[in-house]
Amino acid sequence: MTHKFIILSLVILGFSMLNCTEQIELKTEDFQDALVVEATFTNEFKKHEIKLSRTFRLESSDVIVEENADVKILDSKNNEYVFQDTGNGVYVSNLEFQALKDVTYQLIINTTDGTQYVSTEELLPSEASIDNLYPELVNLGDDYGVQIFVDTNNNLGDAQFFRYEYDETYKLIAPYYTGMDSKLINVIEGFDGTIHYDVSIFPNPEMQEICYPTNYSGIILANKDVVTGDQIVSFPIRFTSHNNYSVFKNRYSILVRQYVQSANAYNFYRILKELQGDDSVLLDNQPGFIQGNISSTTNENKKVIGYFDVSTVDSKRIFFNYKDIGIDIPPYIIDCDAQTFDKSETDDDDNQSLQLYNYLSSQYTVYDHPDDSTIYTVAKRNCMDCSVFGTSIKPEFWED
């Protein structure tokens, strides 16, 4: 959520925008510094995290983290839970603990400039579990693909407001992986414009055959209006087109978290989602500052963006392959067009040596080269190395 909060902060703090959809160079006209707080505290027994950062100007790409703050949660039973700065704006509780029923919780932040920020006291909402998480092949407009659905337990009780998040991870296999790389050496350009060069081919351990990219969701909300009887049934979480490499090429996993929220927390995230819009948050109508449940007790002019969300949470993970859905295997993440050249062919009408040089000077590397041959087959580097798309370290949760 860090990126989304920062984008929101740039929008809602009064930046001047043109009343059109034409692409423009974004520039800050009226900047207001504000603390950005990401704090979801749940009934999970663990070390909890809180993230602190600052708004920044549109023309800047650097995230400004809030360092060395004094962060703690107090409860109505006089317990105090202290969080330590672990770097990059992430504060982690010293102890494992969890939110309990009928106990109120309050977040207190003291920053190094002497400002104190305090949340309202929040109660833990009712619990609701995910009974089923499953994929189905569906038609959506002119497209078809897989929709991930969630069903809750059939006794929601007082649970009325829900927020969902997902992490999707997929197994990506580079189709032209060889473990070898190449580069141009001994390059000499003649007076007549001809280029003479050699090609060095060598093992490159940094090139990876199997990777595990991960994508994260935006804000997904549901409320009592989608409840059937006393249960949420077939609530759509994620749709992916049938030709999307990430789901169907090799193997796919999705972890869905279901948070039960208070009405106020739900409303905050609803406004946040509306500001983001379907395509861009930089729309015609820019509202004023959105107040969450955190404010400064030392200076009312100090702005803070965020919400101290006390929620119950449940999660479920599933795995599946494209064959499980009954569709054809889709292509790789990018087009992989291998090209073959004869380095000895230098005729003006078909100068394959020059073509090979141009390919190896761009995003291509040697895929195949028989010994003592002038024949070179080249492929896009990203078809031989998947590491640009994600980590090559298999996640601990992964099941093949």
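**Terms and model.** Buried means under 20% relative accessible area, exposed means over 50%, and partly exposed lies in between, all with a 1.4 Å probe and protein chains only. Helices are DSSP runs of H or I with at least four residues, strands are runs of E with at least two, and both are numbered from the N terminus. This is a predicted model: local features need pLDDT of at least 70, side-chain atom pairs count only at pLDDT 80 or more, and totals for chains, interfaces and linings use all residues. Residues are numbered from 1 along each chain as its sequence is written, and side-chain values use heavy atoms, with hydrogens and water left out.

**View 1. Helix H5 and its buried face.** Helix H5 covers residues 352-360. Its buried residues are Gln-352, Ser-353, Leu-356, Tyr-357 and Leu-360. Viewed along the axis of H5, they fall within an arc of 145°, so they line one face of the helix. The arc is taken from the directions that run from the helix axis to the C-beta atoms. At the start of H5, look for Asn-351. One of its side-chain oxygens comes within 3.3 Å of the backbone nitrogen of Ser-353. That makes a polar contact, meaning a pair of N or O atoms within 3.5 Å; within protein, one must be able to donate a hydrogen and the other to accept it, and residues adjacent in sequence count only if both atoms are side-chain atoms.

View 2. A disulfide is a covalent bond between the sulfur atoms of two cysteines. Here it is assigned to a pair of cysteine sulfur atoms within 2.5 Å. A search of the whole structure turns up two disulfides. In this one, the sulfur atoms of Cys-211 and Cys-386 are 2.0 Å apart. The torsion about the S-S bond is about 80°, so this disulfide is right-handed. Cys-211 belongs to strand S15 (residues 210-211) and Cys-386 to the segment after helix H6 (381-384), so the pair ties together parts that are 175 residues apart in sequence. Cys-211 and Cys-386 are both buried.

**View 3. The disulfide of Cys-336 and Cys-383.** The S to S distance is 2.0 Å in this pair too. The angle about the S-S bond is -95°, and the link is left-handed. Distant parts of the chain are linked here, 47 residues apart: Cys-336 sits in the loop between helix H4 (322-325) and strand S24 (339-342), and Cys-383 sits in helix H6. Cys-336 is partly exposed because its relative accessible area is 24%. Cys-383, at 0%, counts as buried. With the bonded cysteines of the protein numbered in sequence order, the pairing reads 1-4, 2-3.

View 4. A salt bridge is a side-chain nitrogen of Lys or Arg within 4 Å of a carboxyl oxygen of Asp or Glu. The structure contains 14 of these salt bridges. Arg-163 pairs with Glu-165 at 2.6 Å, N to O. Both Arg-163 and Glu-165 are buried. Arg-381 bridges to Asp-181, with 2.8 Å between the closest N and O atoms. This pair links distant parts of the chain, 200 residues apart: Arg-381 is in helix H6 and Asp-181 in strand S13 (residues 180-189). Arg-381 is partly exposed at 26% relative accessibility, whereas Asp-181 is buried at 6%.

**View 5. The salt bridge of Asp-337 and Lys-380.** The two side chains meet at 4.0 Å, N to O. Asp-337 is in the loop between H4 and S24 and Lys-380 is in strand S28, so the pair ties together parts that are 43 residues apart in sequence. Asp-337 is partly exposed, at 30% relative accessible area. Lys-380 is also partly exposed, at 24%. In a separate network, salt bridges with shared partners join Asp-33, Arg-54 and Glu-66.

View 6. Asn-88 is not a glycine, yet its phi is positive, about 60°. Asn-88 lies in the loop between strand S5 (80-85) and strand S6 (90-93). Its relative accessible area is 72%, so Asn-88 is exposed. Asp-372 is likewise a residue other than glycine with a positive phi, near 55°. The loop between strand S27 (364-368) and strand S28 (375-380) holds Asp-372. Asp-372 is exposed because its relative accessibility is 84%.
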